[in-house]
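Hi,

Here is the structure I promised to pass on. My notes follow below it, with the cut-offs spelled out as they come up.

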Amino acid sequence: MPGKFSKLPDAAGNGLMDRRQFLTGLGTAALIAPSMAEARGQPELPASMTSPGSRPEPYGLPAADELARVKRIPITPEQNGGVSLRSLHFTPLDRLRGTYTPAGLHFELSHQGVPKLIADEHTLIIHGMVKRPLKFSIESLERYPIETHSHFLECSGNTTVGWRSPAANLPLAISHGLLSGTQWGGVRLASLLGEAGVEPGAQWIIAEGADAGSVARSLPLAKALDDTLIALYQNGERLRPEQGYPMRLFNPGYEGNSNIKWLRSLKVTREPAMTRFETARYTDLLPSGKALQFSLPMEVKSVITHPCNAHQLVNRGTYEISGLAWSGAGRVRRVEVSADGGRSWADADLEAPVLPKMLTRFRIPWRWHGQPAELASRAYDDIGAVQPPRNELLQRRGKQSFYHYNGIHWWQVSADGIIRQVDV
Ligand SMILES: Nc1nc2c(c(=O)[nH]1)N[C@H]1C(S)=C(S)[C@@H](COP(=O)(O)O)O[C@H]1N2
Ligand SMILES: [Mo]
């Protein structure tokens with residue numbers, strides 16, 4: 001049943017309420033009837049109160065029930081259109097709240113599997129066009145100032161299906177789950193480069209990982225001197241093996257692939273390396289037949305995570321629409337939500353703090369009348385970019401693209417509360 005609300009008028013069509021509307025008395029709780037025991041004046045004790053509990057693990061795990069039902073979603077090469085990837089797991093965005101991804105649920109993409117590295121033996125070398133080539137152990141890096149910064153990480157292949165099938169209705173976790181948010185801790189690459197002394201004429205840094213994929217990417221020197229980190233920590237603990245233990249390159253706002261895991265070498269150069277991952281992959285084919293290379297920053301994007309196609313609405317009444325917005329350019333400035341297929345839009349509330357190049361959670365109340373509704377979000381960032389409708393993006397970029405899709409994502413709620421992706 002609908003709850004009680006203050007008298008603010010609706011913010012947009014088809015039940016979107018003002019974001020400042022305070023939701024109370026939603027009527028979802030069950031009424032309590034006194035039990036027989038309570039009627040006799042004896043409080044009923046749950047079993048957990050009648051015997052001692054257990055001791056926690058030295059390194060804690062989620063509750064057993066959660067471990068059994070909340071998982072990263074694996075995908076096989078066949079499901080991935082035959083593209084051979086050794087290891088790929090999506091973050092279950094429909095199960096999570098807030099903006100920080102638990103390390104055990106961070107998405108994971110490792111082109112040749114996850115190597116087993118020994119932290120005490122691992123080193124990073126900085127060489128090439130530098131006055132003093134340097135070699136760092138983890139221990140030596142730990143002596144530098146360790147900064148922490150919260151940032152999203154997104155594979156530029158996230159939401160790729162949007163280029164081809166607008167109503168594919170893949171589960172949210174698979175359409176959008178190559179995306180996670182983390183507080184990364186590490187040393188600024190700029191300070192290490194300062195110590196090595198970059199030679200004049202240098203423009204690029206070639207980063208290489210210690211895995212069997214020999215994944216290497218060229219990074220513009222300007223980015224390396226700006227906010228790039230050599231990350232050792234994620235959400236306060238040391239990196240997980242799948243995130244690049246014991247160290248990875250982290251380029252805030254840049255496409256996932258550039259964030260080289262299991263980092264072993266940084267070579268300062270004049271020219272980019274033109275590796276396999278910046279020629280055969282991670283380039284954007286344009287309608288002209290030419291390809292964009294080094295399209296590194298991630299575009300402004302958003303998606304409604306609650307509700308989504310992993311959920312079903314059970315009763316008409318008031319719901320909170322909630323989702324994630326992010327931009328590789330900086331802060332999310334504004335998120336609008338529509339409940340009527342784009343005829344009208346209302347501003348959602350952005351949860352503070354809104355951090356640059358980090359996931360931002362947006363929320364807005366919505367009254368569902370039990371009729372079909374089309375829901376979507378549209379994000380704006382602080383360089384003035386707006387998340388485009390799919391048809392506008394396709395006009396600009398054609399249909400042959402694979403990476404960097406950031407079109408508006410529509411959910412259709414049917415009269416029976418079932419939710420699926422649609423093209424609007
Ligand atoms: N060495 C190395 N670095 C790598 C990769 C890899 O396979 N090997 N995968 C890249 C890709 S394509 C992405 S999207 C991100 C994924 O980071 P994650 O697995 O920590 O989520 O790491 C990048 N860095
Ligand atoms: Mo990626």
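A word on terms before the notes: buried means under 20% relative accessible area, exposed over 50%, and partly exposed in between, with a 1.4 Å probe and protein chains only. Helices (H or I, at least four residues) and strands (E, at least two) are DSSP runs, numbered from the N terminus.

This is a predicted model, where local features need pLDDT of at least 70, side-chain atom pairs count only at pLDDT 80 or more, and totals for chains, interfaces and linings use all residues. Residues are numbered from 1 along each chain as its sequence is written, chains are lettered from A and ligands numbered from 1 in the order in which they are written, and side-chain values use heavy atoms, with hydrogens and water left out.

Let me start with helix 7 (residues 390-397). Its buried residues are Arg390, Leu393, Leu394 and Arg397. They share one side of helix 7 because their arc around the axis is only 100°, taken from the directions from the helix axis to the C-beta atoms. The face turned away from that buried side carries the exposed Gln395 and Arg396. Strand 14 (284-285) is included in what covers the buried residues, where contact means heavy atoms within 4.5 Å. Just after the helix, Gly398 has a positive phi of about 75°.

Although buried, Arg390 makes no salt bridge, that is, a side-chain nitrogen of Lys or Arg within 4 Å of a carboxyl oxygen of Asp or Glu. The nearest side chain of opposite charge is Asp423, 4.3 Å away; Lys and Arg count as positive, Asp and Glu as negative, and His and the chain ends are not counted. The Arg390 side chain does reach the backbone oxygen of Trp163 at 3.2 Å. Leaving out residues up to four places away in sequence, Arg390 touches residues including Pro166, Tyr405 and Ile408.

Helix 5 (residues 189-196) buries Leu189, Leu192, Leu193 and Ala196. These residues fall within an arc of 100° seen down the axis, so they line one face of helix 5. Gly197 follows, with a positive phi near 80°.

Five strands form an open sheet in the order 19-18-22-23-24, with antiparallel pairing; strands pair if DSSP finds at least two bridges between them. Strand 19 (346-347) and strand 24 (419-422) stand at the edges with a single partner strand each, so one side of each has no neighbour in the sheet.

Best wishes

Technical notes: Polar contact = N/O pair within 3.5 Å; in protein donor to acceptor, adjacent residues only side chain to side chain.
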